[in-house]
Protein chains: 2
Amino acid sequence: MRLHGFFRSGASHRVRIALELKGIEYTNSSYVLREGEQRSEAFLRLNPQGLVPALELDDGTVLTQSLAICDYLEEVHPEPPLLPQDPVRRAKVRAFAQAIACDTHPVQNLKILNRIEALTGSEEAATQWARQTIEDGLDACERLIEAEDGPFCFGDSVTLADICLVSQMGNARRFGADLRWPRLLAAEAACNELTAFQRAAPANQPDAS
Amino acid sequence: MRLHGFFRSGASHRVRIALELKGIEYTNSSYVLREGEQRSEAFLRLNPQGLVPALELDDGTVLTQSLAICDYLEEVHPEPPLLPQDPVRRAKVRAFAQAIACDTHPVQNLKILNRIEALTGSEEAATQWARQTIEDGLDACERLIEAEDGPFCFGDSVTLADICLVSQMGNARRFGADLRWPRLLAAEAACNELTAFQRAAPANQPDAS
(Lines give C-alpha, C1' and ligand atoms only; values in the text may rest on other atoms or scores of the structure.)
Protein backbone atom coordinates (compact mmCIF):
# COMPACT_ATOMS: atom_id res chain seq x y z
CA MET A 1 0.00 0.00 0.00
CA ARG A 2 1.03 3.58 -0.57
CA LEU A 3 -0.21 6.38 1.69
CA HIS A 4 -0.49 9.70 -0.08
CA GLY A 5 -0.41 12.23 2.73
CA PHE A 6 1.56 14.81 4.65
CA PHE A 7 3.36 14.51 7.97
CA ARG A 8 1.40 17.34 9.60
CA SER A 9 -2.06 16.46 8.25
CA GLY A 10 -4.23 15.23 11.11
CA ALA A 11 -6.21 12.96 8.81
CA SER A 12 -3.02 11.40 7.38
CA HIS A 13 -1.79 10.92 10.93
CA ARG A 14 -4.91 8.90 11.78
CA VAL A 15 -4.32 6.51 8.90
CA ARG A 16 -0.66 6.10 9.79
CA ILE A 17 -1.61 5.13 13.36
CA ALA A 18 -4.15 2.57 12.11
CA LEU A 19 -1.62 1.06 9.67
CA GLU A 20 1.03 0.85 12.40
CA LEU A 21 -1.37 -0.64 14.97
CA LYS A 22 -2.34 -3.35 12.51
CA GLY A 23 1.25 -3.96 11.45
CA ILE A 24 0.60 -3.20 7.78
CA GLU A 25 3.65 -2.18 5.73
CA TYR A 26 3.25 0.84 3.49
CA THR A 27 5.23 3.46 1.66
CA ASN A 28 4.68 7.22 1.83
CA SER A 29 4.13 9.85 -0.83
CA SER A 30 4.22 13.37 0.53
CA TYR A 31 2.24 16.41 -0.62
CA VAL A 32 3.19 19.77 0.88
CA LEU A 33 -0.18 21.28 1.76
CA ARG A 34 0.97 24.88 2.16
CA GLU A 35 2.31 24.71 -1.39
CA GLY A 36 -1.02 23.34 -2.68
CA GLU A 37 0.40 20.03 -3.89
CA GLN A 38 -2.89 18.32 -2.90
CA ARG A 39 -4.55 20.34 -5.66
CA SER A 40 -2.05 19.25 -8.33
CA GLU A 41 -3.45 17.37 -11.32
CA ALA A 42 -1.57 14.26 -10.24
CA PHE A 43 -3.20 14.28 -6.81
CA LEU A 44 -6.66 15.21 -8.04
CA ARG A 45 -6.59 12.07 -10.19
CA LEU A 46 -6.21 10.12 -6.95
CA ASN A 47 -8.76 12.15 -4.99
CA PRO A 48 -10.97 14.71 -6.72
CA GLN A 49 -11.66 16.22 -3.30
CA GLY A 50 -8.09 17.53 -3.22
CA LEU A 51 -7.62 16.43 0.39
CA VAL A 52 -5.05 14.10 1.90
CA PRO A 53 -4.87 11.27 2.76
CA ALA A 54 -5.48 8.81 -0.05
CA LEU A 55 -4.54 5.17 0.40
CA GLU A 56 -3.51 3.41 -2.81
CA LEU A 57 -3.91 -0.35 -2.61
CA ASP A 58 -1.55 -2.73 -4.41
CA ASP A 59 -4.06 -3.19 -7.27
CA GLY A 60 -4.24 0.58 -7.85
CA THR A 61 -7.58 1.13 -6.06
CA VAL A 62 -7.56 4.45 -4.24
CA LEU A 63 -9.44 4.96 -0.98
CA THR A 64 -10.06 8.37 0.55
CA GLN A 65 -11.37 9.86 3.82
CA SER A 66 -9.45 8.80 6.89
CA LEU A 67 -12.38 7.24 8.77
CA ALA A 68 -13.51 5.28 5.69
CA ILE A 69 -9.93 4.04 5.30
CA CYS A 70 -9.81 3.00 8.98
CA ASP A 71 -13.08 1.07 8.54
CA TYR A 72 -11.63 -0.62 5.45
CA LEU A 73 -8.47 -1.60 7.33
CA GLU A 74 -10.61 -2.91 10.17
CA GLU A 75 -12.59 -5.07 7.75
CA VAL A 76 -9.65 -6.56 5.85
CA HIS A 77 -7.16 -6.71 8.77
CA PRO A 78 -9.42 -7.24 11.79
CA GLU A 79 -6.59 -7.78 14.29
CA PRO A 80 -5.98 -5.96 16.52
CA PRO A 81 -9.48 -4.46 16.45
CA LEU A 82 -9.97 -0.69 16.44
CA LEU A 83 -13.59 -1.02 17.57
CA PRO A 84 -15.27 -2.98 20.39
CA GLN A 85 -17.54 -5.91 19.53
CA ASP A 86 -20.75 -4.64 21.13
CA PRO A 87 -22.83 -2.40 18.82
CA VAL A 88 -23.57 0.22 21.49
CA ARG A 89 -19.91 0.41 22.50
CA ARG A 90 -18.89 0.64 18.85
CA ALA A 91 -21.35 3.52 18.40
CA LYS A 92 -19.88 5.34 21.42
CA VAL A 93 -16.34 4.99 20.06
CA ARG A 94 -17.43 6.10 16.60
CA ALA A 95 -19.31 9.10 18.02
CA PHE A 96 -16.22 10.28 19.88
CA ALA A 97 -14.12 9.80 16.73
CA GLN A 98 -16.66 11.78 14.70
CA ALA A 99 -16.87 14.58 17.27
CA ILE A 100 -13.26 15.15 16.20
CA ALA A 101 -13.26 14.00 12.58
CA CYS A 102 -16.54 15.70 11.60
CA ASP A 103 -17.11 18.58 13.98
CA THR A 104 -13.61 19.71 14.91
CA HIS A 105 -10.81 18.94 12.48
CA PRO A 106 -12.57 19.84 9.18
CA VAL A 107 -13.60 23.19 10.70
CA GLN A 108 -9.98 24.10 11.44
CA ASN A 109 -8.04 22.54 8.57
CA LEU A 110 -5.73 24.57 6.36
CA LYS A 111 -8.37 25.16 3.68
CA ILE A 112 -10.80 26.67 6.19
CA LEU A 113 -8.16 28.75 7.94
CA ASN A 114 -7.16 30.19 4.56
CA ARG A 115 -10.80 31.12 3.99
CA ILE A 116 -11.05 32.78 7.42
CA GLU A 117 -7.86 34.74 6.74
CA ALA A 118 -9.19 35.84 3.33
CA LEU A 119 -12.49 36.88 4.90
CA THR A 120 -11.00 38.88 7.75
CA GLY A 121 -7.61 39.87 6.35
CA SER A 122 -6.12 38.66 9.63
CA GLU A 123 -3.85 35.70 10.25
CA GLU A 124 -4.53 36.13 13.96
CA ALA A 125 -8.28 35.76 13.35
CA ALA A 126 -7.58 32.45 11.62
CA THR A 127 -5.44 31.24 14.51
CA GLN A 128 -8.14 32.29 16.99
CA TRP A 129 -10.72 30.46 14.90
CA ALA A 130 -8.65 27.28 15.01
CA ARG A 131 -8.09 27.57 18.74
CA GLN A 132 -11.78 28.12 19.54
CA THR A 133 -12.86 25.26 17.27
CA ILE A 134 -10.39 22.88 18.90
CA GLU A 135 -11.26 23.96 22.45
CA ASP A 136 -15.02 23.59 21.79
CA GLY A 137 -14.50 20.18 20.20
CA LEU A 138 -12.19 18.78 22.86
CA ASP A 139 -14.30 20.23 25.71
CA ALA A 140 -17.11 18.02 24.41
CA CYS A 141 -14.78 15.05 23.96
CA GLU A 142 -13.60 15.33 27.56
CA ARG A 143 -17.21 15.09 28.72
CA LEU A 144 -17.97 12.20 26.36
CA ILE A 145 -15.44 9.96 28.14
CA GLU A 146 -15.36 11.33 31.68
CA ALA A 147 -17.31 8.29 32.93
CA GLU A 148 -15.26 5.78 30.92
CA ASP A 149 -12.46 3.72 32.43
CA GLY A 150 -8.92 4.39 31.16
CA PRO A 151 -6.15 4.35 30.42
CA PHE A 152 -7.33 4.81 26.83
CA CYS A 153 -10.44 6.72 25.76
CA PHE A 154 -12.63 3.64 26.08
CA GLY A 155 -11.05 1.26 28.54
CA ASP A 156 -7.92 -0.84 28.26
CA SER A 157 -7.74 -1.19 24.47
CA VAL A 158 -6.79 1.37 21.88
CA THR A 159 -9.70 2.27 19.62
CA LEU A 160 -10.50 4.58 16.75
CA ALA A 161 -11.31 7.20 19.41
CA ASP A 162 -7.66 7.27 20.54
CA ILE A 163 -6.48 7.50 16.94
CA CYS A 164 -8.58 10.61 16.38
CA LEU A 165 -7.71 12.08 19.76
CA VAL A 166 -3.95 11.86 19.35
CA SER A 167 -3.97 13.50 15.93
CA GLN A 168 -6.21 16.32 17.21
CA MET A 169 -4.10 16.95 20.32
CA GLY A 170 -1.21 17.73 18.01
CA ASN A 171 -3.27 20.48 16.43
CA ALA A 172 -4.39 21.69 19.86
CA ARG A 173 -0.76 22.32 20.82
CA ARG A 174 0.12 23.82 17.46
CA PHE A 175 -2.59 26.45 17.75
CA GLY A 176 -1.95 27.21 21.43
CA ALA A 177 -5.22 25.79 22.76
CA ASP A 178 -5.76 25.67 26.51
CA LEU A 179 -5.04 22.00 27.32
CA ARG A 180 -7.73 21.82 30.01
CA TRP A 181 -8.63 18.16 29.55
CA PRO A 182 -7.10 15.81 32.15
CA ARG A 183 -8.89 12.72 30.84
CA LEU A 184 -7.87 13.39 27.22
CA LEU A 185 -4.27 14.16 28.19
CA ALA A 186 -4.07 10.90 30.16
CA ALA A 187 -5.41 8.89 27.21
CA GLU A 188 -2.97 10.62 24.86
CA ALA A 189 -0.07 9.82 27.21
CA ALA A 190 -1.11 6.16 27.35
CA CYS A 191 -1.15 6.05 23.53
CA ASN A 192 2.24 7.67 23.26
CA GLU A 193 3.74 4.80 25.23
CA LEU A 194 2.98 2.51 22.30
CA THR A 195 5.42 1.92 19.46
CA ALA A 196 2.69 2.26 16.82
CA PHE A 197 1.85 5.79 17.95
CA GLN A 198 5.54 6.70 18.15
CA ARG A 199 6.20 5.44 14.64
CA ALA A 200 3.17 7.30 13.26
CA ALA A 201 3.96 10.63 14.96
CA PRO A 202 4.33 13.63 12.62
CA ALA A 203 7.85 14.41 13.87
CA ASN A 204 9.01 10.92 12.94
CA GLN A 205 7.94 11.03 9.29
CA PRO A 206 10.43 11.30 6.43
CA ASP A 207 8.77 14.51 5.17
CA ALA A 208 8.78 16.23 8.59
CA SER A 209 10.26 19.71 8.50
CA MET B 1 -36.54 4.55 20.12
CA ARG B 2 -36.78 8.31 20.44
CA LEU B 3 -35.02 10.62 18.01
CA HIS B 4 -34.03 13.93 19.57
CA GLY B 5 -33.61 16.22 16.58
CA PHE B 6 -35.00 19.03 14.50
CA PHE B 7 -36.83 18.90 11.19
CA ARG B 8 -34.32 21.13 9.39
CA SER B 9 -31.12 19.64 10.83
CA GLY B 10 -29.29 17.80 8.06
CA ALA B 11 -27.81 15.32 10.52
CA SER B 12 -31.26 14.56 12.03
CA HIS B 13 -32.58 14.13 8.50
CA ARG B 14 -29.97 11.43 7.81
CA VAL B 15 -31.01 9.42 10.84
CA ARG B 16 -34.70 9.72 9.95
CA ILE B 17 -34.01 8.35 6.47
CA ALA B 18 -32.04 5.41 7.90
CA LEU B 19 -34.82 4.63 10.40
CA GLU B 20 -37.47 4.80 7.68
CA LEU B 21 -35.47 2.67 5.23
CA LYS B 22 -35.07 -0.02 7.88
CA GLY B 23 -38.69 0.22 8.95
CA ILE B 24 -37.87 1.05 12.56
CA GLU B 25 -40.60 2.82 14.51
CA TYR B 26 -39.57 5.83 16.54
CA THR B 27 -40.93 8.92 18.21
CA ASN B 28 -39.63 12.46 17.80
CA SER B 29 -38.50 15.08 20.28
CA SER B 30 -37.86 18.45 18.69
CA TYR B 31 -35.26 21.08 19.65
CA VAL B 32 -35.51 24.44 17.92
CA LEU B 33 -31.91 25.15 16.96
CA ARG B 34 -32.28 28.89 16.33
CA GLU B 35 -33.59 29.22 19.88
CA GLY B 36 -30.62 27.29 21.26
CA GLU B 37 -32.69 24.42 22.68
CA GLN B 38 -29.84 22.01 21.83
CA ARG B 39 -27.77 23.81 24.45
CA SER B 40 -30.43 23.44 27.17
CA GLU B 41 -29.44 21.52 30.28
CA ALA B 42 -31.93 18.80 29.40
CA PHE B 43 -30.38 18.24 26.00
CA LEU B 44 -26.77 18.52 27.19
CA ARG B 45 -27.50 15.63 29.55
CA LEU B 46 -28.29 13.57 26.43
CA ASN B 47 -25.38 14.89 24.37
CA PRO B 48 -22.67 17.05 25.92
CA GLN B 49 -21.71 18.15 22.42
CA GLY B 50 -24.94 20.16 22.23
CA LEU B 51 -25.65 18.96 18.71
CA VAL B 52 -28.66 17.11 17.34
CA PRO B 53 -29.43 14.34 16.67
CA ALA B 54 -29.34 12.00 19.64
CA LEU B 55 -31.04 8.62 19.42
CA GLU B 56 -32.40 7.33 22.72
CA LEU B 57 -32.78 3.56 22.78
CA ASP B 58 -35.57 1.86 24.71
CA ASP B 59 -33.21 1.06 27.61
CA GLY B 60 -32.23 4.74 27.94
CA THR B 61 -28.86 4.44 26.13
CA VAL B 62 -28.20 7.58 24.11
CA LEU B 63 -26.28 7.47 20.82
CA THR B 64 -24.96 10.56 19.08
CA GLN B 65 -23.38 11.53 15.74
CA SER B 66 -25.51 10.71 12.73
CA LEU B 67 -22.99 8.44 10.98
CA ALA B 68 -22.28 6.50 14.17
CA ILE B 69 -26.03 6.08 14.62
CA CYS B 70 -26.41 4.84 11.03
CA ASP B 71 -23.61 2.30 11.61
CA TYR B 72 -25.35 1.15 14.80
CA LEU B 73 -28.66 0.75 12.98
CA GLU B 74 -26.86 -1.17 10.23
CA GLU B 75 -25.37 -3.54 12.80
CA VAL B 76 -28.54 -4.24 14.77
CA HIS B 77 -31.02 -4.05 11.86
CA PRO B 78 -28.96 -5.25 8.89
CA GLU B 79 -31.86 -5.33 6.41
CA PRO B 80 -32.09 -3.60 4.04
CA PRO B 81 -28.35 -2.87 4.04
CA LEU B 82 -27.08 0.71 3.82
CA LEU B 83 -23.62 -0.44 2.74
CA PRO B 84 -22.41 -2.89 0.07
CA GLN B 85 -20.79 -6.17 1.15
CA ASP B 86 -17.41 -5.70 -0.52
CA PRO B 87 -14.88 -3.82 1.67
CA VAL B 88 -13.63 -1.59 -1.17
CA ARG B 89 -17.18 -0.69 -2.21
CA ARG B 90 -18.08 -0.01 1.41
CA ALA B 91 -15.08 2.31 1.68
CA LYS B 92 -16.15 4.19 -1.47
CA VAL B 93 -19.67 4.68 -0.11
CA ARG B 94 -18.35 5.76 3.27
CA ALA B 95 -15.89 8.20 1.67
CA PHE B 96 -18.69 9.87 -0.28
CA ALA B 97 -20.80 10.07 2.87
CA GLN B 98 -17.90 11.59 4.80
CA ALA B 99 -17.12 14.10 2.05
CA ILE B 100 -20.51 15.48 3.06
CA ALA B 101 -20.73 14.60 6.75
CA CYS B 102 -17.17 15.64 7.63
CA ASP B 103 -16.00 18.18 5.07
CA THR B 104 -19.19 19.93 4.05
CA HIS B 105 -22.07 19.93 6.51
CA PRO B 106 -20.16 20.67 9.75
CA VAL B 107 -18.45 23.63 8.03
CA GLN B 108 -21.81 25.21 7.21
CA ASN B 109 -24.00 24.30 10.14
CA LEU B 110 -25.81 26.91 12.20
CA LYS B 111 -23.10 27.11 14.86
CA ILE B 112 -20.42 27.88 12.28
CA LEU B 113 -22.58 30.37 10.39
CA ASN B 114 -23.22 32.21 13.65
CA ARG B 115 -19.46 32.39 14.18
CA ILE B 116 -18.91 33.73 10.64
CA GLU B 117 -21.59 36.34 11.18
CA ALA B 118 -20.03 37.36 14.51
CA LEU B 119 -16.59 37.60 12.88
CA THR B 120 -17.67 39.67 9.90
CA GLY B 121 -20.78 41.44 11.20
CA SER B 122 -22.50 40.35 8.03
CA GLU B 123 -25.35 37.90 7.57
CA GLU B 124 -24.63 37.95 3.84
CA ALA B 125 -21.03 36.84 4.50
CA ALA B 126 -22.39 33.87 6.44
CA THR B 127 -24.76 32.94 3.61
CA GLN B 128 -21.92 33.23 1.09
CA TRP B 129 -19.77 31.05 3.33
CA ALA B 130 -22.46 28.37 3.41
CA ARG B 131 -22.96 28.54 -0.34
CA GLN B 132 -19.27 28.23 -1.15
CA THR B 133 -18.79 25.38 1.31
CA ILE B 134 -21.71 23.46 -0.18
CA GLU B 135 -20.65 24.09 -3.77
CA ASP B 136 -17.06 22.98 -3.08
CA GLY B 137 -18.28 19.88 -1.27
CA LEU B 138 -20.84 18.82 -3.84
CA ASP B 139 -18.50 19.59 -6.77
CA ALA B 140 -16.19 16.95 -5.31
CA CYS B 141 -19.11 14.56 -4.67
CA GLU B 142 -20.22 14.85 -8.30
CA ARG B 143 -16.75 13.77 -9.41
CA LEU B 144 -16.60 10.95 -6.86
CA ILE B 145 -19.56 9.19 -8.49
CA GLU B 146 -19.38 10.30 -12.12
CA ALA B 147 -18.12 6.85 -13.17
CA GLU B 148 -20.64 4.97 -11.00
CA ASP B 149 -23.82 3.45 -12.40
CA GLY B 150 -27.14 4.93 -11.22
CA PRO B 151 -29.85 5.52 -10.48
CA PHE B 152 -28.57 5.96 -6.91
CA CYS B 153 -25.10 7.24 -5.95
CA PHE B 154 -23.63 3.76 -6.06
CA GLY B 155 -25.71 1.59 -8.37
CA ASP B 156 -29.20 0.22 -7.97
CA SER B 157 -29.43 0.16 -4.17
CA VAL B 158 -29.81 3.04 -1.76
CA THR B 159 -26.74 3.46 0.46
CA LEU B 160 -25.44 5.73 3.17
CA ALA B 161 -24.14 7.95 0.35
CA ASP B 162 -27.69 8.71 -0.79
CA ILE B 163 -28.77 9.41 2.77
CA CYS B 164 -26.05 12.03 3.15
CA LEU B 165 -26.62 13.43 -0.33
CA VAL B 166 -30.34 14.04 0.07
CA SER B 167 -29.96 15.85 3.36
CA GLN B 168 -27.18 18.04 1.93
CA MET B 169 -29.14 18.91 -1.23
CA GLY B 170 -31.79 20.43 0.99
CA ASN B 171 -29.17 22.79 2.40
CA ALA B 172 -27.84 23.50 -1.10
CA ARG B 173 -31.27 24.81 -2.12
CA ARG B 174 -31.78 26.68 1.12
CA PHE B 175 -28.58 28.66 0.68
CA GLY B 176 -29.07 29.30 -3.04
CA ALA B 177 -26.19 27.13 -4.27
CA ASP B 178 -25.71 26.65 -8.00
CA LEU B 179 -27.18 23.17 -8.56
CA ARG B 180 -24.60 22.24 -11.22
CA TRP B 181 -24.49 18.51 -10.49
CA PRO B 182 -26.50 16.39 -12.95
CA ARG B 183 -25.40 13.09 -11.42
CA LEU B 184 -26.23 14.18 -7.88
CA LEU B 185 -29.59 15.62 -8.92
CA ALA B 186 -30.49 12.36 -10.66
CA ALA B 187 -29.58 10.32 -7.57
CA GLU B 188 -31.59 12.68 -5.37
CA ALA B 189 -34.61 12.35 -7.69
CA ALA B 190 -34.37 8.55 -7.57
CA CYS B 191 -34.32 8.68 -3.76
CA ASN B 192 -37.29 10.99 -3.61
CA GLU B 193 -39.40 8.38 -5.40
CA LEU B 194 -39.11 6.17 -2.33
CA THR B 195 -41.60 6.30 0.54
CA ALA B 196 -38.84 6.23 3.17
CA PHE B 197 -37.28 9.42 1.81
CA GLN B 198 -40.69 11.07 1.52
CA ARG B 199 -41.58 10.21 5.11
CA ALA B 200 -38.21 11.48 6.38
CA ALA B 201 -38.30 14.78 4.46
CA PRO B 202 -38.01 17.93 6.60
CA ALA B 203 -41.30 19.35 5.28
CA ASN B 204 -43.15 16.24 6.43
CA GLN B 205 -42.06 16.39 10.06
CA PRO B 206 -44.41 17.34 12.89
CA ASP B 207 -42.11 20.22 13.94
CA ALA B 208 -41.78 21.68 10.41
CA SER B 209 -42.46 25.39 10.27
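Predicted model: local features only at pLDDT ≥ 70, side-chain atom pairs only at ≥ 80, totals over all residues.
1. Confidence. Chain A has a mean pLDDT of 97, and 100% of its residues reach 70 or more. For the complex, the predictor gives an ipTM of 0.97 and a pTM of 0.97.

2. The end of helix H1 in chain B. The residue that follows H1(B) is B:Gly23, and its phi is positive, near 70°.

3. The length of this helix. H1 of chain B comprises twelve residues, 10-21, which at 1.5 Å a residue should span 16 Å; the C-alpha atoms at its ends are 17 Å apart, in agreement with that expectation.

4. Because eleven of its twelve residues are buried, H1(B) is largely enclosed by the rest of the structure. Among the buried residues are B:His13, B:Arg14 and B:Arg16, as well as B:Val15, B:Ile17 and B:Leu19. The covering elements include strands E1 (2-5) and E3 (54-56) of chain B, together with its helices H3 (66-76), H7 (160-174) and H9 (195-200).

5. The core. The largest nonpolar core contains 132 residues, and Phe96, Cys141 and Leu165 of both chain A and chain B have the most contacts inside it. Beyond its neighbours within four places in sequence, B:Cys141 is in contact with B:Phe96, B:Ala99, B:Ile100, B:Leu165 and B:Leu184.

6. The interface. Contacts join 34 residues of chain B to 34 residues of chain A. Elements of chain B giving two or more residues to this side are strand E4 (62-64) and helices H3, H4 (87-101), H5 (110-120) and H6 (123-144). H4(B) gives the most, with nine residues. By class, the side of chain B that touches chain A has 22 nonpolar, six polar and six charged residues.

Definitions and conventions. Residues numbered from 1 in each chain as written. Chains lettered and ligands numbered in written order. pLDDT = per-residue confidence, 0-100. Core = buried A, V, L, I, M, F, W, Y, C linked by C-beta atoms within 7 Å. Buried ≥ 20, exposed ≤ 12 C-beta atoms within 10 Å, placed from the backbone. Contact = placed C-beta atoms within 7 Å. Helix = DSSP H or I, 4+ residues; strand = E, 2+ residues; numbered from the N terminus. Expected span 1.5 Å × (residues − 1). Nonpolar A, V, L, I, M, F, W, Y, C, P; charged D, E, K, R; others polar.
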